[in-house]
Amino acid sequence: MAAALTVDCRKTFPGRFTTAAQLVLPLDHPRVLILFGPSGSGKTTLLRCLAGLEWPDEGRIQFGSTTWIDVAANIRLSPQARRIGYMPQDYALFPTHTVTGNIEYGLSDLPTAVRQERVRELLALLQLQGLEQAKPAQLSGGQQQRVALARAIARRPQLLLLDEPLSALDAPTRVKLCGQLRVLLTQLAIPAIVVTHDWAEALTLGDTIAVMNAGQVLQVGSPQEVFSRPANAEVAQIVGIETVVQGLVVANDNGLATVSVNGTMLKGLGADVSGSAVYVCIRADDVLLEQAGSGITSARNYLFGLVTEILPQGVLVTVTVDCGFLLRAMITRGAREDLGLERGSTVVAAIKAGAVHLVSRSA
Amino acid sequence: MNWIAIAVTFKLALLTAAVLLVVGLPIAYWLTFSKWRWKFIVESVVALPLVLPPTVLGFYILVAIGPHSPVGRFYSDLVGHPLPFTFEGLLLASILYSLPFAVQPIAAAFAQVDHRLIEASWTLGVSKLKTFFRLIIPLSTAGLITGAVLSFAHTLGEFGVVLMVGGNIEGETRTVSIDIYDEVQALNYAGAAKTALLLLAVSYGVLLLVYAMNRKVWAVWPQR
């Protein structure tokens, strides 16, 4: 069997739901697993169990051939012995140590020359030169995040655990650093588990997404799978985006990007887009359906397609349209009757460019 | 002024503060970080000298180290003379008497250390003991100094315990507070006043240091 991280454990805090997780993360091709879900869904608890900072009440965690915890067999490997890189939500930089002091904190067993060389490498990799002697309080949010990352990867960990790595930053910095973090994670080639509640971050960073709610792992799959084919209504509600497809940016004029999805051209807001590979994300609420051949509106995207599926959901109906890719639209029952929509009907889907969200997937 | 009594007092206070700084660290660490459900029992024992009359504490220490107790017998077999009414006996009593004055500020400082920093240190492969010395101690310096200074100041002024355990032996166990009492008994108010003033000045100076240490904003020079 190929090396893998196998998690099967439960943890209950008094007065809260039980966090129960069953996950397998292959370790031979380093991948990024996203724990995705609303706040309080048990993502951080699971991450802390992996870091050895919480002890599960039952179950086991196996990393390759090493057992990290096996409650039944009374095996408990301390956080010190797990060789992990853990970055908590607010970074937890040591206020009494300088940037260099923070980065080399876990390297005290290395000879001085080797340690200094490693610190130099990390300062260069994370663009922290010139800040060696600064204290954490003197750094910006983005710089603090990079120091915390440098410290976490300094010991060449076998697994990286990042808890909401971008949530402490303001929105513009977050978008910029999210792309940089993706590049860095790919470069490092260390398996990583990242906790986030932000779908754009999940799509940018993740190779696999595990959707969590109320302590349960509801679905595990590729970002496209999880977003476009949620396992059940609960997952659909949590991810909140019904159409996620891969696309290629073919032009980007003044922030309005033209994206090709299986040959269908779409316009979306691309001010934050770098590189050409993107995920195109569209909420079903943002899609208008019209009968083919009707009037002109302000929408930038007119997609001709065939209705392939109609799913009633209360007063609403989810209509799937094949317009080169599968697009989901959410309309009222009345609208469906007025349009006379059936399977096989020809429709035009109109989407404003502002409702087409592009998430970079370079690297 | 009785300089011999002053010398004995400062020697006693310095040694008490030094011993408490060493003994207080593990006790404060355990009190702060232990998750034992009956921890409050130990907490109450440590805090007992705060509320117990010094004569009561002194009485029990006297009995505990006296020639009829196993501890007292062991000590006199080892050293050749009994523990009560010696400087060593007085030092032991002072350490017990000032224990909460050292342990409580240190424990409070430890409790102030953000637990996430401690966890971050553990995940970086640093043992609990090394985390204590490399992270918790540097973050608790104000508490350590407060603990040492308060136990020093508290020992300077002790009276009841000294009288019970140390007696009143010139150059050995006669401390400043006993000396002042003696002077007043002998109606030598001038002598008592001088010594009392010295004790007042030193105590005030020590408290100034404690409060200045724990200030967030420095009025005299800016925090760097």
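1. Read from one end of its sequence to the other, chain B of this predicted model follows the pattern α-α-α-α-α-α-α-α-α-α-α, and its secondary structure accordingly comes to 11 helices and 0 strands. Along the principal axes, the C-alpha trace of chain B spans about 65 × 50 × 30 Å. Of the 224 residues in chain B, 37% are buried, and among contacts in this chain with a separation of 6 or more, 75% are accounted for by residues 24 or more positions apart.

2. From H1(B) the contact draws on Thr9(B), Leu12(B), Ala13(B), Leu14(B), Thr16(B), Ala17(B), Leu20(B), Leu21(B) and Gly24(B), which meet Leu144(B), Gly147(B), Ala148(B), Ser151(B), Phe152(B), Thr155(B) and Leu156(B) of H8(B). Sorted by class, the residues of this contact between H1(B) and H8(B) are 10 nonpolar and 6 polar, with no charged residues.

3. In the other pair, helix H10 (residues 176-185) of chain B and helix H11 (residues 189-213) of chain B pack at an angle of about 155 degrees, again with the axes 8 Å apart. Since angles over 145 degrees count as roughly antiparallel, H10(B) and H11(B) are therefore roughly antiparallel to each other, and H10(B) passes H11(B) in a left-handed crossing. On the side of H10(B), Val176(B), Asp179(B), Ile180(B), Glu183(B) and Val184(B) take part, and they meet Tyr189(B), Gly191(B), Ala192(B), Thr195(B), Ala196(B) and Leu199(B) in H11(B). The residues of this contact of H10(B) with H11(B) divide into 7 nonpolar, 2 polar and 2 charged.

4. As for the contact between the two chains, chain B contributes 13 residues and chain A contributes 14 residues. On the side of chain B that touches chain A, the elements giving two or more residues are helix H6 (115-123) and helix H7 (128-139) of chain B, and H6(B) gives the most, with 6 residues. By class, this side of chain B divides into 8 nonpolar, 3 polar and 2 charged residues.

5. Chain A is built from 9 helices and 21 strands, and its C-alpha atoms fill a box of roughly 75 × 50 × 40 Å, taken along the principal axes. Buried residues make up 44% of the 363 residues in chain A, and among contacts in chain A between residues at least 6 apart in sequence, 64% join residues at least 24 apart.

6. On the question of confidence, chain A averages a pLDDT of 88, and 98% of the residues score at least 70. Within chain A, confidence is lowest in strand E16 (residues 288-291), at a mean of 80, and highest in helix H2 (residues 99-103), at 96.

7. Arg83(A), although it is not a glycine, has a positive phi of about 50 degrees; Arg83(A) is found in the loop between strand E6 (75-76) and strand E7 (84-87) of chain A, and with 16 C-beta neighbours inside 10 Å it counts as partly exposed. Asn262(A), also not a glycine, has a positive phi of about 50 degrees and lies in the loop between strand E13 (256-261) and E14 of chain A. With 12 other C-beta atoms within 10 Å, Asn262(A) is exposed.

8. Not counting residues up to four places away in sequence, Lys267(A) touches Leu256(A), Thr258(A), Arg300(A), Asn301(A), Ala353(A) and Val356(A). The C-alpha atoms of Lys267(A) and Trp55(A), which are 212 residues apart along the chain, are separated by 49 Å.

Methods: Residues numbered from 1 in each chain as written. Chains lettered and ligands numbered in written order. Predicted model: local features only at pLDDT ≥ 70, side-chain atom pairs only at ≥ 80, totals over all residues. Axes fitted to C-alpha atoms, helices over the stretch in contact; angles between N-to-C directions. Helix = DSSP H or I, 4+ residues; strand = E, 2+ residues; numbered from the N terminus. Parallel < 35°, antiparallel > 145°, perpendicular 65-115°, else oblique. Left-handed = near helix turned anticlockwise from the far one by under 90°. Contact = placed C-beta atoms within 7 Å. Nonpolar A, V, L, I, M, F, W, Y, C, P; charged D, E, K, R; others polar. Buried ≥ 20, exposed ≤ 12 C-beta atoms within 10 Å, placed from the backbone. pLDDT = per-residue confidence, 0-100.
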